[in-house]
Amino acid sequence: MTDFAFETRSLRKTYGGQPALDGIDLTLGRGEVLGFVGPNGAGKSTFIKTLLGLVLPTSGTATVLGLWLREDSAAIRARIGYVPGDLGVYRNWTADDFLAFCIGFHPRGDLSRARAMARSMALPLGDRVRTYSTGMRQKLAIAQALCVHADLLLLDEPTRGLDPTSQLEFRDLVNAARREGSAVLLSSHILAEIESMCDRLVFIDRGRLIEASTIEALRARWRDRLYVETSGGDLATATDLPPGTAVERDGAGYRVSFVGDPKPVLEALVARGLVAIEYNRPTLEDLYRELYTRERER
Amino acid sequence: MMLRRILRDDRWKIAAYTAVLVGNLVATVLAYPTFKSNITAIVNLIPNFAGFLKAVLTGAGGDKFAVFVALNHFFKGANVIGPAAAIILALGTIVREVEIGTIGMLLSRPISRTRILLSFAVVHLLELTVPLFVVAAATPWLCERLIDEAVPLQPLLFASLHASMFIAMVYALSLLLAVVLVEQLRLAAIAGGLCIVSFMLYFVNQTLPWSIYVLSSVPMYVDLASGKAMPWGAFAICAGATVALLTTAVVVFRRKDY
């Protein structure tokens with residue numbers, strides 16, 4: 001049995017000659033949570049739909065849970081939980097009908113668990129789905145996906161429309177699924193959510209992977225930023241700072257950025273009469289901005 | 001799961017379809033005594049009636065009442081009501097799922113696309129044809145009760161078989177459109193338009209050969225009601241077209257991105 005929940009090789013999908021996926025090589029380990037980040041139209045949903053068999057790849061290969069995507073699509077889906085970003089519903093059905101329908105197809109589906117989960121999320125199961133708000137529909141989508149004992153969860157903007165409390169509950173539910181051994185592919189525009197839940201990140205743009213790494217490895221490459229005030233002359237023209245250190249004037253102080261070991265930078269600043277210092281930990285937003293600015297400039 | 005869901009979605013449509021078929025039959029039967037007493041006047045009113053119709057009206061073509069029922073119930077009734085029901089049922093398949101955004105949820109279930117489409121097709125074809133046979137089977141009893149006229153059952157069942165295959169062909173075409181198109185309104189306009197135009201073409205001698213209703217025509221039902229053989233040639237064309245259209249629908253559906 002393969003160690004990967006999925007593995008794609010040169011996966012490509014074109015629409016009228018335009019690539020929506022442009023040679024994606026990507027793996028997801030079993031029990032791993034992979035964050036999928038990118039602007040609108042980057043190809044995130046297309047990739048997820050390809051793994052589900054909703055979109056047929058133009059070329060390339062993919063195995064999901066050890067099965068070939070092209071040959072075993074239905075068998076693969078039996079082991080996948082899927083939350084779409086925008087859940088379409090049969091408007092005249094009750095929420096309970098909807099759960100029963102979605103879960104009834106899955107050999108390992110647990111309807112009573114889904115009902116319990118829906119109730120814990122304050123969903124009135126007897127009401128028609130047409131009366132549900134966007135957030136309530138999203139909760140319904142989450143309940144049906146997390147109660148099929150899936151080996152792989154494909155979550156496409158799962159917290160769209162959810163209130164903050166429900167978002168936190170969602171994280172707990174996904175963490176519980178992960179503890180049970182599910183691998184998770186999480187596509188989201190909420191970077192804080194990605195940062196807090198994922199082991200590894202993938203950045204995608206115009207159908208191409210532009211970065212794939214762990215958050216810690218990415219952070220190690222980011223420029224740390226300090227705001228400092230010194231008493232020892234103009235820091236912007238200083239020549240005694242370690243190589244690679246950038247300095248910009250900002251009001252009464254300076255913004256200092258550097259890569260790697262902070263010790264020589266701090267020593268140089270102390271030697272220049274450091275009077276105030278503030279450390280700005282780089283966030284995923286900083287990296288996102290930096291990566292996509294660089295990508296757009298290409 | 002799939003079958004239960006389709007049956008559940010269609011229950012009122014099928015009840016309405018059956019009710020319209022029964023209503024059409026009852027109206028036909030009840031209209032017969034008046035029609036019978038005015039046959040001579042009708043024939044004289046329109047001297048250029050086609051020969052076969054004249055034969056029907058004057059009784060030379062076999063059982064007048066059976067022919068009257070067959071023409072009204074099958075040519076005028078089933079040929080119009082059936083295709084309309086077929087289009088309405090096809091509207092509730094893939095094109096509807098695409099339009100309301102549920103296609104992703106449906107296709108992400110562990111069931112093959114072929115099975116999804118064939119589930120729709122099999123259930124809908126049964127829903128379209130079983131009421132036709134049931135109503136036909138009840139016709140002799142109804143005729144006797146309402147106007148004390150006898151009508152043989154066997155020709156009615158053969159007529160039902162032929163009308164069913166014609167309706168199946170229209171359904172298969174509608175299902176193919178339901179796979180190809182993304183808007184229910186377009187499907188209704190194209191398939192409905194085709195049937196209406198075709199029905200109009202049938203009544204003009206010069207354009208009659210271009211109508212799909214030549215495959216389920218007046219002479220065929222007159223012959224059937226008169227105890228003649230099934231029009232197996234037309235039946236085979238309808239059956240072949242149905243199979244070809246359904247196969248095309250499956251192939252297109254399997255290759256389409258959603």
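Q: Which residue stands opposite Ile204(A) in E10(A)?
A: Leu209(A) does, in this predicted model.

Q: How do E9(A) and E10(A) pair, and over how many bridges?
A: They run antiparallel, with six bridges.

Q: Where is Ala122(A), and what is its phi?
A: Ala122(A) is in the loop between helix H4 (111–120) and helix H5 (134–146) of chain A. Its phi is near 65°, again positive in a residue other than glycine.

Q: Buried or exposed, that Ala122(A)?
A: Exposed, with a relative accessible area of 60%.

Q: Switching to the inside. Which residues touch the most other members of the largest nonpolar core?
A: Phe6(A), Phe47(A), Phe98(A), Leu152(A), Leu185(A) and Phe203(A), out of 166 residues in that core.

Q: Which element gives the largest share of this core?
A: Helix H4 (residues 64–91) of chain B, with 17 residues.

Q: What is Leu152(A) in contact with, leaving aside neighbours within four places in sequence?
A: Its partners include Phe6(A), Leu28(A), Val64(A), Arg79(A) and Ala183(A).

Q: What about a second core? Which residues does it include?
A: It is separate and has eleven residues. Among them are Leu226(A), Tyr254(A), Val256(A) and Val265(A).

Definitions and conventions
Residues numbered from 1 in each chain as written. Chains lettered and ligands numbered in written order. Predicted model: local features only at pLDDT ≥ 70, side-chain atom pairs only at ≥ 80, totals over all residues. Heavy atoms only, no water. Helix = DSSP H or I, 4+ residues; strand = E, 2+ residues; numbered from the N terminus. Buried < 20%, exposed > 50% of the residue type's maximum accessible area, 1.4 Å probe, protein only. Pairing = 2+ DSSP bridges. Core = buried A, V, L, I, M, F, W, Y, C linked by side-chain atoms within 4.5 Å. Contact = heavy atoms within 4.5 Å.
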